Amino acid sequence: MKNIVLPLLLIVSLLGCDKKKDTSAQHIVTTDIDNFWDAYDKITTTQDSILQYKYIDSLYIQKGTLGLKSIMEARNYTQEDYINAINKYPEFWSSIRENTLKTTNYVSELNEGIEKMRGIYPELKPAKMYFTIGALRTNGTTVDNLVLIGSELAMADKNTIASEFKGNNSVGRRKYFNSNPIDDLVLLNIHEYVHTQQNEQVDNLLSYSLREGIAEFVSTTAMHVPSATPAINYGKRNDNVKKKFEEEMFFGNNIHHWLWSDFQNEFNTRDLGYYIGYSIAEIHYNKAENKQEVIKEMIELDYTNETQIENFVDGTHFFSMSLEKLYQDYEKRRPTVVGIKPFDNFNKNVDVKINSITIEFSESMNQEFRNFDFGPLGKEALIRIKKVIGYSEDGKSITFEIEDLKPNKHYQLTIGSGFRNLKNVPLKAYLVDFKTSK
């Protein structure tokens, strides 16, 4: 690959002494691309696994930039991941190679995009963009002030081969490649650049959706282009998406249903959380008189400040009711534990000969889910499960064998929210707590 210095010199000569653009140009790094293909060419000349691992390590990973090290850490990439991907998908790699070698062609457009971002957000902080080759788990992410591009996915197009992938993965890959993601490479980078300016989200679906949706809205506003995310147009045409999100917003452990995966939902469209966050940002922006001030507000949202987030969301009237009322409605819908057998909970004289416990629920439960955890007293007080016997026929109770109880001991077990009813609404956690007899 040609060194990026020549294109940068050309940009500087065309733009004169624009120091801002010259500075930002130094923050686009593409050397990992060349290093990967050097390693790839060596790896594919041998079936000796020891040599293959040696090549991926010495020619790619050890020579890697800070960006490569960061994306490997962020996506838990290992040498094994790379070797497996190279050996399993030779046609894919052959079809994507030429596109990944075009990275220097985008330097000028990327710098223009950064300056457009600065135009609507003058407080823009510097960030570096790294074009890397990953092992097929992300097209782009960020770590601190680093934009990390997985070029093997971000630079795919309709000619990229997906036939070697299996099952739903093959369908998802084909659909993604057909969307010609390389056409939106600059927008992807600016979207990720926005993430480097944002505060970290807290671990819940609404927070993740807001952060992604705001990044998408701000980047498209800066670039004056429509979003390339199909979920946004789909959501705007289908009110049931919002309704479904309202129902599931507080579930927990369901982020992958709405973001960053090919989870098979009823809408047959991935990443619908982007639509939620984007629409809230769009409404907020359109209502504001001072557009630059509202861009600043959205980028700098403090996701740990519940009051700020609640006021921001409720102020748009996007949802059918306030977040507080939606949460109250969710709590009313949650199944509960109504009792245990063969003794009452909090009994202080339980027979040590008891070898099984039955948990009774307020309604039929989804029998594919269960979740047990420590109680407040921790590991020492844990009721140890020997064997799960199973659910009753109506799904309203579950029985499990327990290990031998010791006399005069305090025991606890949390029946967790991983249990779900037939509508997948999480159980209200319940503490089983008792003491055995002397």
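View 1. Glu266 is exposed, at a relative accessible area of 57% (exposed means over 50%, buried under 20%, partly exposed in between; 1.4 Å probe, protein chains only). Lys244 belongs to helix α14 (residues 239–248) and Glu266 to the loop between α15 (255–258) and α16 (272–287), so the contact ties together parts 22 residues apart in sequence (helices are DSSP runs of H or I, at least four residues, and strands runs of E, at least two, numbered from the N terminus). Residues are numbered from 1 along each chain as its sequence is written. Local features of this predicted model need pLDDT of at least 70, side-chain atom pairs count only at pLDDT 80 or more, and totals for chains, interfaces and linings use all residues, while side-chain values use heavy atoms, without hydrogens and water.

**View 2. Salt bridge between Lys428 and Glu331.** The closest N and O atoms are 3.7 Å apart. Lys428 is partly exposed (31%), whereas Glu331 is buried (18%).

View 3. Strands β3 (residues 140–143) and β4 (residues 146–150) pair in the antiparallel sense over four bridges (pairing requires at least two DSSP bridges between two strands). Gly140 stands opposite Ile149 in β4. Two residues lie between the strands, and Asp144 takes a positive phi near 55 degrees.

Conventions:
Salt bridge = Lys/Arg side-chain N within 4 Å of Asp/Glu carboxyl O.
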